[in-house]
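I opened my notebook and wanted to look up a few things in this model. Here is what I was working from.

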Amino acid sequence: MAYRFPALTPEQKKELSEIAQRIVANGKGILAADESVGTMGNRLQRIKVENTEENRRQFREILFTSDNSMNQSIGGVILFHETLYQKDSQGKLFRNILKEKGIVVGIKLDQGAAPLAGTNKETTIQGLDGLSERCAQYKKDGADFGKWRAVLRIADQCPSSLAIQENANALARYASICQQNGLVPIVEPEVIPDGDHDLEHCQYVTEKVLATVYKALNDHHVFLEGTLLKPNMVTAGHACTKKYTPEQVAMATVTALHRTVPAAVPGICFLSGGMSEEDATLNLNAINLCPLPRPWKLSFSYGRALQASALAAWGGKSANKKATQEAFMKRALANSQAAKGQYIHSSSSGAASTQSLFQASYTY
Amino acid sequence: QNSQHPAQCYALGKGYCGRNEGKTISCVWGPSGSAPRGGRGRAHHRLRDRCLGPGVTPPRRPAPVGVASTRPPVWVRGRSYGGEVPAPPPGGSHVALRHSPPHLLELGLESQLLLLRTEVFLWLSCSLTVLLTGEASGERPVAMPHSYPALSAGQKKELSDIALRIVAPGKGILAADESVGSMAKRLSQIGVENTEENRRLYRQVLFSADDRVKKCIGGVIFFHETLYQKDDNGVDKGVVPLAGTDGETTTQGLDGLSERCAQYKKEGADFAKWRCVLKISERTPSALAILENANVLARYASICQQNGIVPIVEPEILPDGDHDLKRCQYVTEKVLAAVYKALSDHHVYLEGTLLKPNMVTPGHACPIKYSPEEVAMATVTALRRTVPPAVPGVTFLSGGQSEEEASLNLNAINRCPLPRPWALTFSYGRALQASALNAWRGQRDNAGAATEEFIKRAEVVGVNGLAAQGKYEGTGEDGGAAAQSLYIANHAY
């Protein structure tokens with residue numbers, strides 16, 4: 001989008017656009033393996049494993065050294081800073097292992113929440129200081145996309161227009177800086193599922209948030225064709241007593257998106273937000289079958305929903321490596337099928353996959 | 001558990017529930033060749049593939065109502081005339097045709113108007129929009145919910161149906177809403193005096209067209225010519241200056257707009273138009289001009305929808321100046337982003353609106369020449385970056401372009417390889433009327449021949465040519481080389 005002060009050259013745009021499309025091509029999605037140290041600690045605690053760097057490294061190694069065919073389902077992996085520089089047991093860097101499989105490497109860029117004074121416990125996200133230098137370094141070290149998670153919540157007087165505006169603005173600044181350094185920004189304005197609001201209220205809020213986000217991206221001259229969106233699906237709050245089918249979730253979600261997300265955005269990769277593995281897949285499948293106009297790819301960027309079974313199978317023991325990889329590959333394949341609307345629900349998914357992964361006020 | 005049917009085949013009203021795999025549910029679409037192109041047609045293919053068992057031939061799609069033998073039905077003052085038609089629009093009043101509009105009688109015009117061959121296209125003295133029936137297609141999303149909903153589900157459906165019919169594949173809008181002043185220019189070009197009678201006769205030529213135009217014209221915009229509102233053009237009341245700017249303007253007309261809309265709706269209008277104007281120069285459009293015009297468009301749109309009228313949103317960026325194509329694209333993107341943010345803020349139901357933008361072109365005085373393909377690429381790129389897929393259709397204005405230029409550009413836009421989720425159709429004024437005007441020359445004897453010219457032009461432009469392609473979905477899911485090459489071209493934009 002060039003005029004007098006073009007933000008990007010045509011070559012830069014071409015590179016960004018190609019990276020974005022590679023990530024979501026042919027039903028591929030993203031493995032969000034970027035849990036921070038503290039968050040990984042929560043995961044490991046559930047399977048009674050100690051939170052050491054070695055344990056974190058081991059688990060990631062098992063995932064990333066899965067069979068090469070994982071690149072049919074996984075187009076990109078988001079890493080945490082520590083993981084970008086870790087190696088497997090033969091001394092090979094994780095990021096090189098992934099790249100050799102043809103998987104795009106991404107890096108988490110935000111640096112946690114900061115409170116917004118004068119609001120009902122709302123937050124914005126930090127991480128803009130020195131971001132350009134960090135991006136340049138990560139690009140040199142093999143990353144090609146970045147991720148930044150903004151959090152909004154539904155409650156009394158929430159999300160306030162300040163919270164929406166501030167988070168949208170921060171997302172747009174981050175996206176602009178990423179693109180300047182050759183990284184595709186994944187824009188994640190998450191409306192968390194905490195609360196007892198119904199589906200309709202979540203849809204309304206999601207529409208307002210996304211409209212603001214895309215206005216901010218436009219104001220900041222962000223090249224939309226070189227971005228990806230990582231939104232929440234539109235769901236009822238966790239404490240809502242009314243239950244909705246995947247088709248209802250799908251219709252509400254795609255309605256919200258098609259009213260706010262321009263067609264230039266190449267792909268939308270949903271976060272799983274505490275849904276069980278199976279629900280995350282079923283919902284994604286229903287979304288891809290929704291009969292509304294959908295000019296973007298609709299795929300996944302799942303953390304918990306891709307790794308829960310694998311974690312359970314691993315239990316901290318390297319002897320379980322094969323079982324762990326199988327569990328992971330199974331979910332990856334299922335979600336890739338769902339991203340094409342081809343997932344057939346099977347009843348033998350095991351206990352871990354139907355277990356809700358909700359955690360109140362989830363932060364990384 | 002399966003009681004919810006979010007997806008409806010509207011023609012038959014049958015439900016589809018994604019969990020009913022293997023169950024036979026009738027679906028409206030016939031074999032693949034007969035479904036409309038584009039997103040909605042494809043979705044219906046998927047619908048059909050899922051909801052019928054293998055090897056079952058889907059039923060033939062029922063023929064559109066009213067097309068076969070009679071002239072198209074038309075909604076006038078809430079009552080249909082001619083053709084087999086579905087039920088009249090909800091709430092429409094049945095006003096007998098015998099009664100002329102009161103102001104016509106005041107003016108002493110004869111009721112001979114009522115005896116025209118196509119009574120339906122009467123010279124109506126109000127700014128009416130007459131809607132030719134077609135098929136509503138596509139799905140409706142769940143109601144956009146909120147504690148203070150702007151519209152009920154029924155209101156949304158009505159608006160969405162109207163909008164979809166206007167931009168149904170192959171159809172465009174006939175803009176016959178030239179003001180008195182504009183008509184003066186047209187008529188003087190063919191040596192005809194600009195009297196009210198002549199203007200009426202001229203419009204009569206157009207509206208004597210038979211049902212062949214039904215396939216090409218989705219809606220008609222009339223001009224509201226009465227003695228006490230001389231320069232109305234659409235529903236707005238013209239531009240006024242913005243103090244402190246470099247000659248920029250906003251558009252007035254919001255006062256009493258709700259009452260005016262309610263009146264138009266009673267008289268049969270189903271959509272309305274409001275034009276905002278921005279210009280490109282060294283320091284314009286300013287942030288204020290963009291913000292103010294976007295806001296006023298959003299207020300107008302909101303009020304229209306409250307009264308059951310589909311608002312056509314027209315943020316025109318004038319081609320005056322010597323700026324190049326890229327600058328126009330940049331400005332168009334900024335303006336459209338502001339417009340859609342304002343529409344969102346004002347809780348406007350996008351599925352019940354249409355957009356009427358300028359094409360992205362260089363300024364008139366720009367020394368660089370661009371090909372239609374470049375114009376097309378810049379235009380579609382700008383729209384893809386700003387217009388949400390929920391908007392059912394985009395009808396371009398031709399602005400200051402010559403007929404030939406406009407046609408070439410429109411053609412290139414339809415051939416542009418970028419995927420686009422809205423119908424792209426056109427609002428034609430001169431492009432449709434020029435030959436008819438020339439054939440008519442003010443002579444009653446030429447009326448028949450002139451009407452024939454109009455029909456032929458409408459067919460060329462509508463069915464066979466420019467409006468025919470409408471939406472274009474692109475190459476589908478494959479992110480391979482073909483899709484890659486589609487995106488390469490627009491990196492310079």
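My entries follow, starting with the ground rules.

**Ground rules.** I'm working with a predicted model, where local features need pLDDT of at least 70 and side-chain atom pairs count only at pLDDT 80 or more, while totals for chains, interfaces and linings use all residues. Residues are numbered from 1 along each chain as its sequence is written, chains are lettered from A and ligands numbered from 1 in the order in which they are written, and side-chain values use heavy atoms, with hydrogens and water left out.

**Two helices.** I looked up how H9(A), residues 246–258, meets H10(A), residues 277–289: they pack at about 60° with axes 8 Å apart. That makes H9(A) and H10(A) oblique to each other (angles under 35 degrees are roughly parallel, over 145 roughly antiparallel, 65 to 115 roughly perpendicular, the rest oblique). On the H9(A) side, the contact (heavy atoms within 4.5 Å) includes A:Val249 and A:Ala250, and on the H10(A) side A:Leu282 and A:Ala286. By class, I noted 7 nonpolar, 2 polar and 1 charged residues.

**A loop residue.** I found A:Asn71 in the loop between helix H3 (53–64) and strand E2 (74–79) of chain A. Leaving out residues up to four places away in sequence, A:Asn71 touches A:Lys28, A:Lys101 and A:Ile103.

**Rings.** How many aromatic pairs are there over all chains? I got 6, pairing rings of Phe, Tyr and Trp (its six-membered ring) with centres within 6.5 Å; planes under 30 degrees apart are stacked, over 60 edge-to-face, the rest tilted. A:Phe59 and A:Trp314 have ring centres 5.2 Å apart and planes at 40°, so I logged the pair as tilted. A:Phe59 sits in H3 and A:Trp314 in H11 (residues 304–314) of chain A, so the pair ties together parts 255 residues apart in sequence.

Key: Axes are lines fitted to C-alpha atoms, for helices over the stretch in contact, and angles run from 0 to 180 degrees between N-to-C directions. Helices (H or I, at least four residues) and strands (E, at least two) are DSSP runs, numbered from the N terminus. Ala, Val, Leu, Ile, Met, Phe, Trp, Tyr, Cys and Pro count as nonpolar, Asp, Glu, Lys and Arg as charged, and the others, Gly among them, as polar.
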